[in-house]
Amino acid sequence: MKLNPKQISHLRGLAHNISPVVMIGNQGLTENILKEIEVNLNAHELIKIKVAGDDREARKTMYLSICESTNATPVHHIGKQLVIYRASETIKEKNKIHIPKL
């Protein structure tokens with residue numbers, strides 16, 4: 001999903017008040033972590049992920065890898081927190097988050 005800067009800004013504003021739902025520890029990005037991210041994306045659409053470790057490049061790589069493997073849109077990466085968005089995939093479920101068409 002391709003979002004314009006205004007839409008990403010809207011999502012960043014929504015993400016400001018949410019807490020991280022997935023924590024990535026020293027073992028890095030594992031299969032179980034990816035499954036947990038999938039579950040939370042299906043449930044919430046917009047999630048915040050907290051990453052342990054001080055290597056900024058490793059976090060960037062992890063961020064892009066998560067977005068690629070889950071088909072999510074990167075929203076924000078600041079410090080050790082990553083924010084990603086993926087619209088609900090099921091037709092039965094309406095999107096929980098309304099993104100303005102700007």
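In the predicted model, Arg86 has a relative accessibility of 5% and therefore counts as buried. The side chain of this residue forms a salt bridge with Glu38, with the closest N and O atoms 3.1 Å apart. Glu38, at 26% relative accessibility, is classed as partly exposed.

A search of the whole structure identifies 3 salt bridges. One of them joins the side chains of Lys80 and Asp54, at an N to O distance of 3.0 Å. Lys80 is placed in the loop between strand 3 (73–78) and strand 4, and Asp54 in the loop between strand 2 (46–51) and helix 3 (56–70); the pair therefore ties together parts of the chain 26 residues apart in sequence. Lys80 is partly exposed, with a relative accessibility of 34%, while Asp54 is exposed at 67%. A further salt bridge is found between Glu57 and Lys60, at 3.9 Å from N to O. Both residues lie in helix 3, and because they are 3 residues apart, about one helical turn separates them. Lys60 has a relative accessible area of 35% and is thus partly exposed.

In soluble globular proteins, nonpolar side chains tend to be buried together. The largest nonpolar core of the model comprises 16 residues, and Ile24, Ile37, Ile49, Ile66 and Ile84 have the most contacts inside it. At least two residues of this core are supplied by each of strand 1 (22–24), helix 2, strand 2, helix 3 and strand 4. The surroundings of Ile37 illustrate the packing: neighbours within four places in sequence being set aside, Ile37 is in contact with Val22, Leu29, Ile47, Ile49, Ile66, Thr70 and Ile84. Another core lies apart from the largest one and has 9 residues, including Ala15, Val83, Tyr85 and Ile99.

Ala15 is also one of the buried residues of helix 1 (residues 5–15), together with Gln7 and Leu11. Viewed down the helix axis, the buried residues of helix 1 fall within an arc of 80 degrees, and they therefore line one face of the helix. In an α-helix there are 3.6 residues a turn, so residues three or four places apart point the same way. The cover over the buried residues of helix 1 includes strand 2, strand 3 and strand 4. On the face turned away from the buried side, helix 1 carries the exposed residues Pro5 and Lys6. The backbone nitrogen of Lys6 also takes part in a contact at the start of helix 1, where a side-chain oxygen of Asn4 reaches to within 3.1 Å of it.

Strand 2, which forms part of the cover over helix 1, is itself largely enclosed by the rest of the structure, because 5 of its 6 residues are buried. Strand 2 pairs with strand 1 in the parallel sense, over 3 bridges. Within this arrangement, Met23 stands opposite Lys50 of strand 2.

Conventions. Residues are numbered from 1 along each chain as its sequence is written. This is a predicted model: local features need pLDDT of at least 70, side-chain atom pairs count only at pLDDT 80 or more; totals for chains, interfaces and linings use all residues. Side-chain values use heavy atoms; hydrogens and water are left out. A salt bridge is a side-chain nitrogen of Lys or Arg within 4 Å of a carboxyl oxygen of Asp or Glu. Buried means under 20% relative accessible area, exposed over 50%, partly exposed in between (1.4 Å probe, protein chains only). Helices (H or I, at least four residues) and strands (E, at least two) are DSSP runs, numbered from the N terminus. A nonpolar core is a set of buried Ala, Val, Leu, Ile, Met, Phe, Trp, Tyr and Cys residues joined through side-chain atoms within 4.5 Å. Contact means heavy atoms within 4.5 Å. The arc is that of the directions from the helix axis to the C-beta atoms. A polar contact is a pair of N or O atoms within 3.5 Å; within protein, one must be able to donate a hydrogen and the other to accept it, and residues adjacent in sequence count only if both atoms are side-chain atoms. Two strands pair if DSSP finds at least two bridges between them.
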